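Biologist: I have the sequence and the model open. Can you walk me through it?

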Amino acid sequence: MTTNTVSILRIDSSMRQHGSVSRDLANVTVARLRAELADPEIVWRDLKSGVGHVNSAWRDASLGAAAARSAEDRALLAQSDALSSEVDRADIIVFAVPIYNFSIPAALKAWIDMVCRNNVDGATAIGKTDAHRYKHAIVILTSNHTRAGADDEFATGFMRFILRFIGCNDIDMVDATGLANDKEGILRAANCQIDAICQTVARRNLSAAAE
Ligand SMILES: Cc1cc2nc3c(=O)[nH]c(=O)nc-3n(C[C@H](O)[C@H](O)[C@H](O)COP(=O)(O)O)c2cc1C
């Protein structure tokens with residue numbers, strides 16, 4: 001993490017604007033981080049209106065050398081460029097992730113495809129983590145019945161893997177799954193997890209500033 005302004009990128013992937021539990025918990029997380037960190041930069045990327053999907057023309061444009069790209073190629077890659085630079089700039093990324101059909105929402109997968117540009121031909125199937133650049137991901141996972149870590153839950157494993165691939169050194173999961181069983185208790189526990197994570201972030205930031 002930099003000792004200057006901390007940059008927080010928030011990604012929402014619930015299709016719901018109102019009554020969204022993952023958005024509420026992301027609000028709490030960002031407010032808590034804002035209170036703990038000195039004047040952080042906050043960028044909010046809401047995926048509810050969708051993200052473009054990769055296609056053959058996009059793939060060809062992506063594989064070509066940057067300097068040789070036509071205006072059309074550059075236009076095809078513009079959203080991917082914009083989303084990738086938000087990730088590159090971020091010190092902390094907060095993901096609000098409702099479980100959809102036992103996995104992540106399609107809009108979030110589309111965002112990942114846009115961001116993992118170098119893996120377009122599958123050749124870069126290695127992590128991109130830069131030990132010299134600290135990047136922390138906080139993933140808030142919500143569901144009605146599917147429990148985090150259960151055999152039918154495929155969001156956690158994928159998010160942990162792909163976030164390392166994207167370059168996150170630290171990944172914290174906030175478990176707000178199984179809301180249909182005990183919403184109050186699960187939200188209370190999730191808020192405690194968020195508190196603990198934000199306190200750790202604040203301590204880390206203080207010690208980085210002291211170095
Ligand atoms: C398309 C769709 C698929 C869903 N699939 C699951 C599921 O597989 N397991 C589950 O427990 N809940 C499932 N849910 C419920 C959501 O995970 C749950 O309502 C979650 O809290 C939604 O997040 P939000 O409140 O931020 O919108 C699904 C909801 C939608 C809209």
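Biologist: Which residues are closest to the ligand, and how many surround it?

Modeller: The ligand is surrounded by 17 residues, and the closest are Ser 14, Ser 20, Ser 22, Pro 98 and Ser 143. A residue is near a molecule if its C-beta atom, placed from the backbone, lies within 6 Å of it. This is a predicted model: local features need pLDDT of at least 70, side-chain atom pairs count only at pLDDT 80 or more, and totals for chains, interfaces and linings use all residues. Residues are numbered from 1 along each chain as its sequence is written.

Biologist: How does the shell around the ligand divide into nonpolar, polar and charged?

Modeller: The shell has 6 nonpolar, 9 polar and 2 charged residues. Ala, Val, Leu, Ile, Met, Phe, Trp, Tyr, Cys and Pro count as nonpolar, Asp, Glu, Lys and Arg as charged, and the others, Gly among them, as polar.

Biologist: Which helix gives the most to that shell?

Modeller: Helix α1 (residues 21-36), with 3 residues. Helices (H or I, at least four residues) and strands (E, at least two) are DSSP runs, numbered from the N terminus.

Biologist: What about confidence, where is it lowest and where highest?

Modeller: pLDDT is the predictor's confidence in each residue, from 0 to 100. The protein chain has a mean of 91, and 91% of its residues reach 70 or more. Confidence is lowest in helix α2 (residues 56-63), at a mean of 90, and highest in strand β3 (residues 92-98), at 98.

Biologist: Switching to packing. At what angle do the axes of α4 and α5 cross?

Modeller: Roughly 90 degrees, and the axes of α4 (residues 78-89) and α5 (residues 106-115) come within 8 Å. Axes are lines fitted to C-alpha atoms, for helices over the stretch in contact, and angles run from 0 to 180 degrees between N-to-C directions.

Biologist: Leu 141 next. Is that buried or exposed?

Modeller: Leu 141 counts as buried, because 26 C-beta neighbours lie inside 10 Å. The cut-offs: buried if 20 or more other C-beta atoms lie within 10 Å of a residue's own, exposed if 12 or fewer, and partly exposed in between, with C-beta atoms placed from the backbone. Leu 141 is in strand β4 (residues 136-142). Leaving aside neighbours within four places in sequence, the contacts of Leu 141 include Val 97, Ile 99, Ala 148 and Met 173.

Biologist: And Asp 39, what is its phi?

Modeller: Near 50 degrees, a positive value in a residue other than glycine. Asp 39 sits in the loop between α1 and β2 (41-46). Asp 39 is exposed, with 8 other C-beta atoms within 10 Å.

Biologist: Where is Phe 102 found?

Modeller: In the loop between β3 and α5. Phe 102 also has a positive phi, about 70 degrees, although it is not a glycine. Phe 102 is partly exposed, with 13 other C-beta atoms within 10 Å.

Note on methods: Contact = placed C-beta atoms within 7 Å.
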